[in-house]
Amino acid sequence: MVSLNPVRILKHEAEEEKGEIARLSSFVGAIAIGDLVRSTLGPKGMDKILVSSGRSAGSVEVTNDGATILKSVGVDNPAAKILVDMSKVQDDEVGDGTTSVTVLASELLKEAERLIEQKIHPQTIIAGWRKAVDIARKALVDSSMDNSADIEKFREDLMNIARTTLSSKILSQHKEHFAKLAVDAVMRLKGSGDLQAIQLIKKTGGTLEDSFLDEGFLLDKKPGVHQPKKVENAKILIANTPMDTDKIKVFGSHIKVDSMAKIAELESAEKEKMKDKVNKILKHNANVFINRQLIYNYPEQLFADAGVMAIEHADFDGIERLALVTGGEIVSTFDHPELVKLGTCKLIEQVMIGEDILLRFSGVALGEACTIVIRGATKQIIDEADRSLHDALCVLAATVRESKIVFGGGCSETLMSNAVSKAAAQTAGKEALAMEAFARALLQLPTIIGDNAGYDSAQLVSELKAAHNSGKDTMGLNMDKGEIGDMRSLGITESFVVKRQVLVSASEAAEMILRVDDIIKAAPRRRTEDRGHC
């Protein structure tokens, strides 16, 4: 006789959610993530305070950067994790639009939830969304402009993009100053788009307005005692090597001596080893030695006697970038000086920023290298300014690579929404409902921007739609005055790459979450007694 009891195939503590329950769980998690960051969207968006716990307990971050907020929030819901990962990818790819992409994905899922309540199958919704993405992308491409042939116009486009990107950040009060810094730095790259050549240094003190661009490479280190403080026509040996003596690395080994003289012999042997290593380094004919690790007193004294500037404990990011800009290589062994490529620069000198002394490398091999020094009253302000400026630099570098631009202020979203709505009106079947839902989700972005600024978003968005339907397709939201305005004359432009990435990433993430009909959580691994020997 067959038992009617349900057959359980999963382990005892494993969990499974099926069908509508799984879908609802995914929707709730993803929509909650969207609601978490939606208040930070737009030029009048609010900031969040992130307070750490655990090892870095008590440290505080103040930010409105979507990727930073989501990265710092511990998320347990699987669908919410997909949106967090998507915002990270957006940040890595183009640097900006992290909040927009998360909010758009969550708005798409809100619309999908309503359609599923009307008994429309998820695959039908996905088919409609795919058509809508193609139409929206085509509308975005058609509305884009490219002024890269005219250097003056292209520079003005980059300035406008930098201003628009910074207007939603802490730097909005100083956006002219920082937009110029960012554009000058990116234009120095001569189209390479290699942001490794641009270094950001944070120094507490002064105000944000005191931040400046230095044409050269700054290293936050000092040379050793009695060593040259200024070197012309520098030949730089960059290393990552331990300068202390080689320790006996056999676990539990001991050395027994029967007199103090033997200890003195050991010490002198160690010193000889150090001296041998320093002599090998000096054979490279370098007049500057920069090490990732500590150099210690005795080798430092030997370098001073040889008239070599020795800098210790340069952070790894610092020496990687230094090797790039000076054209040198990072070495660990010194037996073959003829195979080592030294870095070069015309002048190394000390400069004072605030109360700190830094080393400036001028006339480096990579001519486009530069450093932006960020000043500010508190660590939190400087950290947020650093994130904001990094976003602006990433967007500008992406624009230099792909030079198309589109209008901001909700203009592009309204344009895409109108194009999708018109196509939906000519589409038969249930897919048209999904396309209309996609158009409504796109219009939520200008709606949220208006809400965050405290204006009547329903009035503004209806005026914006009417303007676009009557052929004024450069109209967007002017958040300074709380009305619609011409984005072309206001200079509110954004990078085409950012907008395209937001559209594609949000729709792909929402589609992935919508396909889910089963969530299986693995049983936790049981802890077993460790019988290994110590």
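1. Setting aside neighbours within four places in sequence, Cys411 makes contact (heavy atoms within 4.5 Å) with His468, Asp473, Thr474, Met475, Gly476 and Met487. Cys411 lies in helix 12, which covers residues 411-425; helices here are DSSP runs of H or I with at least four residues, strands are runs of E with at least two, and both are numbered from the N terminus. The residue counts as buried because its relative accessibility is 2%, where buried means under 20% relative accessible area, exposed means over 50%, and partly exposed is in between, with a 1.4 Å probe and protein chains only. Gly34 is 377 residues away from Cys411 along the chain, and the C-alpha atoms of the two are separated by 21 Å.

2. A word on the basis of these values. The model is predicted, so local features need pLDDT of at least 70 and side-chain atom pairs count only at pLDDT 80 or more, whereas totals for chains, interfaces and linings use all residues. Residues are numbered from 1 along each chain as its sequence is written, and side-chain values use heavy atoms, with hydrogens and water left out.

3. On the cysteines, a search of the whole structure finds 0 disulfides, a disulfide being a pair of cysteine sulfur atoms within 2.5 Å. For Cys345, the closest cysteine sulfur belongs to Cys370 and is 16 Å away, which is too far for a bond. Cys345 is buried, since its relative accessibility is 5%.

4. Of its 534 residues, 48% count as buried. Among contacts in the chain with a separation of 6 or more, 75% come from residues 24 or more positions apart.

5. Turning to helix packing, helix 7 (residues 175-188) and helix 11 (residues 379-401) pack with their axes 10 Å apart and at an angle of about 45°; axes are lines fitted to C-alpha atoms, for helices over the stretch in contact, and angles run from 0 to 180 degrees between N-to-C directions. That angle makes helix 7 oblique to helix 11, given that angles under 35 degrees count as roughly parallel, over 145 as roughly antiparallel, 65 to 115 as roughly perpendicular, and the rest as oblique. The crossing of helix 7 with helix 11 is right-handed, which is to say that the near helix is turned clockwise from the far one by less than a right angle, anticlockwise being left-handed. On the helix 7 side, Phe178, Ala182, Val183, Ala185 and Val186 meet Leu389, Leu393, Leu396, Ala397 and Val400 of helix 11. By class, this contact of helix 7 with helix 11 has 10 nonpolar, no polar and no charged residues; Ala, Val, Leu, Ile, Met, Phe, Trp, Tyr, Cys and Pro count as nonpolar, Asp, Glu, Lys and Arg as charged, and the others, Gly among them, as polar.

6. Helix 7 also packs with helix 6, at an angle of about 130° and with the axes 9 Å apart, and these two helices are therefore oblique to each other. Their crossing is right-handed. Helix 6 contributes Arg155, Leu158, Met159, Ala162, Arg163 and Leu166, while helix 7 contributes Lys175, Glu176, Phe178, Ala179, Lys180, Val183, Asp184 and Met187. The contact of helix 6 with helix 7 has 8 nonpolar, no polar and 6 charged residues by class.

7. Thr493 is found in strand 18, residues 493-495, and is buried, with a relative accessible area of 4%. Not counting residues up to four places away in sequence, Thr493 touches Asp157, Asn160, Ile161, Thr164, Ile405, Val406, Phe407 and Gly408.

8. Asp150 sits in the loop between strand 4 (145-146) and helix 6 (151-166), and is partly exposed at a relative accessible area of 35%. Asp150 and Ala424 are 274 residues apart in sequence and 39 Å apart in space, C-alpha to C-alpha.

9. Two backbone angles deserve a look. Most residues other than glycine have a negative phi. Lys119, which is not a glycine, has a positive phi of about 65°; Lys119 lies in the loop between helix 4 (98-117) and helix 5 (122-143) and counts as exposed at 71% relative accessibility. Tyr296 likewise has a positive phi, near 75°; Tyr296 is in the loop between strand 9 (288-291) and helix 9 (297-305) and counts as partly exposed at 35% relative accessibility.
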